[in-house]
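Me: I've got a model open on my screen and I'd like to talk through it. Can you take a look?

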Amino acid sequence: MSTTLAIETKNLGRIYKLRGSKKETRKELVALQDVSLTVQRGELFGLLGPNGAGKTTLIKVLTTLLSPTSGWARVAGADVQREPDLVRPRINMVSGGESSGYGLLTVRENLWMFSQFYGVPSQEANERIEALLEMVGMKDRMHTKSSDLSTGLRQKMNIVRGFLTDPEVLFLDEPTLGLDVGASRDVRRFIIDWLKTDKERTLLLTTHYMVEADELCDRVAIINKGRVLACDTPSALKQRLQKDVMFEVETSPLNGLTPQMMEEQPEVKKAALTEIEGGARLKLSLVEESALARVFSLFAQKDIKVMNLNKRQPTLEDVFVELVGRSMAEEESNEQSAG
Amino acid sequence: MNNQQARDRALNRPYSRKDTGWRLFLKTIIARAYPRIIGQQREISWVVFDVIMPMLAVISYVLVYRALKAPEEYIGFVVMGGAMTAFWMNVLWSMSSQLYWEKEQGNLALYIMAPNSMMAILLGMALGGMLATAMRAVAVILLGSLMFGVTYEVSSFMQLLAVFMLAMIALYGMGMMMASAFLLFGREAWHMANLAQEPIFLASGFYFPIKSLPFWVAAGASIIPLTLGMDAMRQLVFPSGFSYGFISVSLEIILLAGMSVLFVAAAKVLLAYVEKIAVREGRITESRR
């Protein structure tokens with residue numbers, strides 16, 4: 001294996017055996033299927049996909065918490081299944097919405113405790129805790145019990161925990177989940193600063209926030225139903241759609257008109273629907289701008305009013321729609337109803 | 001130090017070293033013991049639940065024994081039993097369920113993923129629990145002895161120390177073993193512990209000498225290390241304690257030493273199994289699946 005690779009997976013698969021009642025035959029859930037990826041050292045790599053796509057399962061395999069059922073994975077040069085003891089000192093992980101640590105301990109004490117599990121000298125750990133907390137704007141909360149922290153501050157503490165051990169490869173699983181706009185921005189800025197200072201540091205980030213992936217990642221893999229559908233830089237992914245004309249239309253309720261009906265029109269490539277208050281938001285991908293007139297005539301037939309119309313540049317969301325056929329929100333609600 | 005300097009220091013300077021091997025093992029034990037020793041003392045309610053409540057039980061037994069005109073040694077037995085109850089409750093409800101709660105909180109995955117040994121985590125929990133509970137036990141002993149005028153006459157400090165230490169190692173070894181079992185079997189194991197609590201209180205002789213029980217009942221109850229530990233300590237600290245002893249102190253020391261080895265080894269094997277299952281099936285570290 002090349003030493004420039006921080007992460008490498010080949011035909012990685014994971015099947016969960018679901019536990020049912022004894023009479024039932026055991027069901028299987030394919031969480032990962034034939035995932036082959038490479039992440040260079042120093043790269044900020046994003047895994048983008050809806051809930052249930054397999055992002056967290058992939059992170060669990062890469063962090064040695066779960067063995068794959070097929071294929072293999074190497075992190076920091078070591079096999080995650082056969083050499084977990086070589087992988088573990090070099091990695092760390094932070095998950096969004098986690099409640100790790102102990103509420104009775106202060107922020108500093110919790111962070112110190114976790115640093116000791118990695119063998120960090122106590123004094124150096126305390127110095128770095130202070131500095132990292134200052135960076136995320138939490139130095140004044142250093143002696144606050146973690147049970148007294150807000151969700152956002154708690155997540156910042158978790159983020160500091162992940163960075164504190166100075167890992168070669170850091171896994172962030174939805175790190176800004178549930179955070180307000182300001183806190184999310186602070187976290188993103190911190191991530192960028194951390195990576196800038198050492199070219200050997202690698203970060204794998206999972207998110208279902210398209211903007212986050214677009215803003216942060218050097219490369220993005222779009223994952224759905226356990227499969228990697230595309231992997232490239234955000235701009236290269238968007239370039240795929242550059243030839244299409246993209247419109248976003250807000251309308252009154254659709255009165256039975258479906259995205260499929262719109263897609264049946266000539267030169268209408270994709271129509272993705274998001275329900276909004278009092279109506280619908282449609283993202284249209286058209287081969288020619290003139291196709292918009294055909295969509296509008298459908299609206300007229302169904303007595304649908306157009307409230308807003310914007311021509312726009314393609315986003316990663318559009319790439320997802322192009323690859324999956326549905327928006328991420330639709331995919332998630334579909335998964336929930338199936339589950 | 002301004003923000004920029006803090007940032008530079010935090011991000012640019014690598015650690016001088018990261019300990020591995022036995023140093024990491026010891027660091028992990030101390031770090032995991034810390035929340036129990038320091039954190040738990042911050043919850044002042046322990047005075048009510050761990051000192052005042054057990055004292056109420058002690059007072060009840062003392063009043064009953066005095067009403068029945070039981071031998072005065074029984075008062076000392078009750079005070080000692082009241083103190084040792086704290087350790088048993090700590091092992092049964094705190095130590096045993098700890099890994100389960102660590103899973104629910106999301107800590108377990110972080111512990112497994114870290115380069116430390118999971119055995120060090122368990123030992124840290126045990127050490128922390130033992131030291132934190134010792135404070136409660138000492139409080140009960142002091143209060144009970146002062147209230148009821150209990151006097152002690154230690155016949156052998158060495159043997160007393162050996163019995164206490166071995167009883168603690170065996171008891172917390174058992175707790176470590178149960179922690180893995182609770183995690184594996186989830187709520188079923190919890191119910192078993194709940195079911196066993198009162199019969200064990202009776203059979204282990206927390207408030208009376210187990211010699212009063214039929215031999216085989218007392219022998220069966222001796223699987224709980226505190227049963228033999230308390231019996232030996234009572235023989236060693238009360239002048240007429242030997243006459244109430246179940247078996248000789250020397251034999252009890254040998255049995256406790258055997259139990260210590262057995263329970264700690266079983267805990268290690270069971271923990272390795274739990275870790276293996278966790279990675280293979282992915283359900284043990286996952287509170288939602």
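Reply: Helix α5 (residues 151–164) of chain A lies across β6 and β7 of chain A. Helices (H or I, at least four residues) and strands (E, at least two) are DSSP runs, numbered from the N terminus. This is a predicted model, where local features need pLDDT of at least 70, side-chain atom pairs count only at pLDDT 80 or more, and totals for chains, interfaces and linings use all residues. Residues are numbered from 1 along each chain as its sequence is written, with chains lettered from A and ligands numbered from 1 in the order in which they are written.

Me: At what angle does α5 of chain A run to β6(A)?

Reply: Axes are lines fitted to C-alpha atoms, for helices over the stretch in contact (C-beta atoms, placed from the backbone, within 7 Å). Angles run from 0 to 180 degrees between N-to-C directions. For α5 of chain A against β6(A), that comes to about 170°.

Me: In which sense do β6(A) and β7 of chain A pair?

Reply: Two strands pair if DSSP finds at least two bridges between them. β6(A) and β7 (residues 169–173) of chain A have five bridges, and the sense is parallel.

Me: Which strands stand at the edges of the six-stranded sheet in chain A?

Reply: The sheet is open, with mixed pairing and the order β6-β7-β8-β3-β9-β10. Each edge strand has a single partner, so one side of it is left without a neighbour in the sheet. In chain A those are β6 (91–95) and β10 (227–232).

Me: How many helices does chain B have?

Reply: Chain B has zero strands. Its helix count is 11.

Note on methods:
Two residues are in contact if their C-beta atoms, placed from the backbone, lie within 7 Å.
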